[in-house]
Amino acid sequence: MNSELIDQLTGSLGANGLPYTIPIHPNLVHLTIGLFIIGMTFDIVGVLFPFQKWIFKFLAITVERQNLFDVGWYNMLAASIITFFTVAAGFYEMLLATPPGDMKSAWGLQAMQTMIWHGVGGVFLLALIVGMTIWRGWQRSVWGRQEYKQSDREVQWLYLFAGIAIMFILYIHGTLGAQLAAEFGVHNTADNLLRSHQDLNTTLK
């Protein structure tokens, strides 16, 4: 964003370049990632349940297959809702970012290129996660009906493969975000203070 416009807010911005102490976007990102991975993992465990049922029995853990699918569905639904806030917070904090323009990341991208790819990727992932939730809901409510059921399995193999592919995209996307914080110092309090030659021990007290 234009530095002159950022300067208009300077008086209300903290050490990390935001009007609040801790960046919101990274925390919501980890919530999105955690909910999505847990949702997919429980669905995978649910699909493979007949092959591993003896493990639960050996460990004396009472598990119903439907309970595994319930956890998968509700985590995917929560991931879809949270991701709207994750993307919104990301764009807000990206507008207040003032990364250095003379650096390149480990992937050879400049700060603006990294932010653009991270922003576009965030919207793309939001669409994918919402699409996966709709697909998951359809499998649960329509494909799971008795007249369509071929087994107790609630999700399709294609859905699981798509989820695994999205987890790989999440990894690529998350790495871009990590580069913004770790390599460009975007909303990274300690990095900003060190760049401005301030003493961390006295400034952060």
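**Note on an all-helix predicted model**

1. From the N terminus on, the elements of the protein chain run α-α-α-α-α-α-α-α. The secondary structure thus comes to eight helices and zero strands, where helices (H or I, at least four residues) and strands (E, at least two) are DSSP runs, numbered from the N terminus. The model is predicted: local features need pLDDT of at least 70 and side-chain atom pairs count only at pLDDT 80 or more, while totals for chains, interfaces and linings use all residues. Residues are numbered from 1 along each chain as its sequence is written, and side-chain values use heavy atoms, with hydrogens and water left out.

2. Of the 205 residues in the protein chain, 36% are buried. Buried means under 20% relative accessible area, exposed over 50%, and partly exposed in between (1.4 Å probe, protein chains only).

3. Side chains of opposite charge can pair when their charged atoms come close. A search of the whole structure finds four salt bridges, a salt bridge being a side-chain nitrogen of Lys or Arg within 4 Å of a carboxyl oxygen of Asp or Glu. One of them joins D43 and R136, whose closest N and O atoms are 2.8 Å apart. Because D43 lies in helix α2 (residues 24-47) and R136 in helix α5 (residues 111-143), this pair ties together parts that are 93 residues apart in sequence. Both D43 and R136 are buried.

4. A salt bridge also links D70 to R140, at 2.9 Å from N to O. D70 belongs to helix α4 (residues 65-95) and R140 to helix α5, so the pair ties together parts that are 70 residues apart in sequence. R140 has 25% relative accessibility and therefore counts as partly exposed.

5. Which residue meets R140 in a salt bridge of 3.1 Å, N to O? The partner is E154. Since R140 lies in helix α5 and E154 in the loop between α5 and α6 (157-182), the pair ties together parts that are 14 residues apart in sequence. With 6% relative accessibility, E154 counts as buried. Salt bridges that share partners join D43, D70, R136, R140 and E154 into one network.

6. Helix α4 has 31 residues, and at 1.5 Å a residue it should span 45 Å; its end C-alpha atoms are 45 Å apart, which agrees. The expected span is 1.5 Å times one less than the number of residues. A kink of about 25° in α4 is centred on I82; the bend at a residue is the angle between axes fitted to the seven residues ending there and the seven starting there.

7. The largest pocket has a volume of about 630 Å³. A pocket, on a 1 Å grid over the protein atoms alone, is an open set of points where a 1.4 Å probe fits, with protein on both sides within 12 Å along at least five of seven lines; lining residues have an atom within 4 Å of a point. The volume is the space filled by probe spheres set on the points. The lining holds 32 residues, and H25, P26, V29, H118 and G177 lie nearest the centre. Elements giving two or more residues to this lining are α2, α4, α5 and α6.

8. N16 is found in the loop between α1 (3-7) and α2. At 2% relative accessibility, N16 counts as buried. The C-alpha atoms of N16 and A190 are separated by 7.9 Å, although these residues are 174 apart along the chain.
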